[in-house]
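Hi,

Here is the model I promised to pass on.

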Amino acid sequence: MRQQQSLSPDARRIIAAQAARALAYGLGSVLIGVTLAHRGLSDTAVGVILASLLAGIAAVSVLIARYGDRIGRRRCYRLLFVAMAVSGSVFALTAWLPALILAALTGTVSTDVVESGPFTSLEQAMLPHAGSETTRLFGTYNTVATLAGSLGALLALIGSSPRSLLVYPLAAAAGLVAAAQLSPAVERGEELDAEPLPPLHRSRGIVMRLSALFALDSFGGGFVPQTFIAYLFVRKYGASPHTLAIVFFAIGILQALSFQGAVRLAARIGLLRTMVFTHLPSNLLLIGVAFAPNLPGAIAFLLARFLLSQADVPTRQAYVMAVVEPSERTAAAAYTNTARYLTRPIAPLIAGALKSVYDLGLYALFRRVPLRETAGDDARRTGTFGASSTTSPSRSRRKRSARSTR
């Protein structure tokens, strides 16, 4: 049996930097929203800050795609950690709205445990240069990030004050130390062209097609966020919060296991087949959650789904790096990650828009249709509740008696 190679020093540094960042992001996924609410900011202000987080991640990712290789991957990587330290300190120490917006626009503050922003784009481009077994590197990279992010979320149980967000500059300092020790091998090095070419000069068509498909996948996933799954389990199956906590903790563990399983499966059947042949059954298992006869059945479907659904993450990242020109890896990672990141939040907006279309359509199509009035409707309209619109037998007899006496 062939013994696996140990991680190279550069790979260990990148994964260590990612773990430190994921730890902070895990804590931030719990505390940033709570902190903004406790500071008395208006709903509009909070909405602007959250929108700035999304806009910052997208904008900085595009900048990395266009200029990351010209400036240098290591230099950009270090600058991002410096920005993360400053931005995290702002969220921890102030409620001044302009400062929070500027911090959010740096693209280095995330409410996702494992983000798909400028950090990830650079790391995905550097990892293939840090070892020969790229798929295994991406499997380890995602496994460590998921476990570190889960640990960070648990830290919110210990400290829930805004000052706890000072873990951001601490994590950034640790990441900066690791980033400063990266060797020149993670740059393009000998792949530099004699004449610098625009990003995606050769791989544009491949990246555009992959971005469109990844965006579609992320858009579909946006219709089934974890909050919706929790709602379904409570309303349909009567699950308790305690049960949900255990289930979602188990999901995190299964996701980490699926990354490692994907590496082994890809070695046997290839990257593309692993992506497709694990994702299709995971979608069928998700459908099974809604039709399960009871809570244990729904939990079984859900856990089986998450054991498969994340297997495409390391294989997808490795596949993108394998199908594009080595000199275009930074731009490819940045554009495909941005496509996934931007389309996922759109799905809930579309769902809300469809509900609004229903309401408006119902009013527009039926507002002039007359109702067939019934006796009960007449009574309700005149305020004579409980009385019939027709004359009762006793009242008719009294009328006939009055006429006969006259």
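This is a predicted model: local features need pLDDT of at least 70, side-chain atom pairs count only at pLDDT 80 or more; totals for chains, interfaces and linings use all residues.

Which residues form one aromatic cluster? Tyr77, Phe81 and Phe119 do. Rings of Phe, Tyr and Trp (its six-membered ring) pair here if their centres lie within 6.5 Å, with planes under 30 degrees apart called stacked, over 60 edge-to-face and the rest tilted.

Residues are numbered from 1 along each chain as its sequence is written, and side-chain values use heavy atoms, leaving out hydrogens and water.

Back to the rings: the count comes to 6 aromatic pairs. Among them, Tyr77 and Phe81 are edge-to-face, 5.0 Å centre to centre with 70° between the planes. Both sit in helix H3 (residues 73-93), 4 residues apart (helices are DSSP runs of H or I, at least four residues, and strands are E runs of at least two, numbered from the N terminus). Tyr77 and Phe81 are both buried (under 20% relative accessible area, with exposed over 50% and partly exposed in between, using a 1.4 Å probe and protein chains only).

Phe138 and Tyr141 are another edge-to-face pair, at 6.3 Å between centres and 85° between planes. They lie 3 residues apart in helix H6 (residues 134-155), about one turn of the helix, and Phe138 and Tyr141 are both buried.

Cheers
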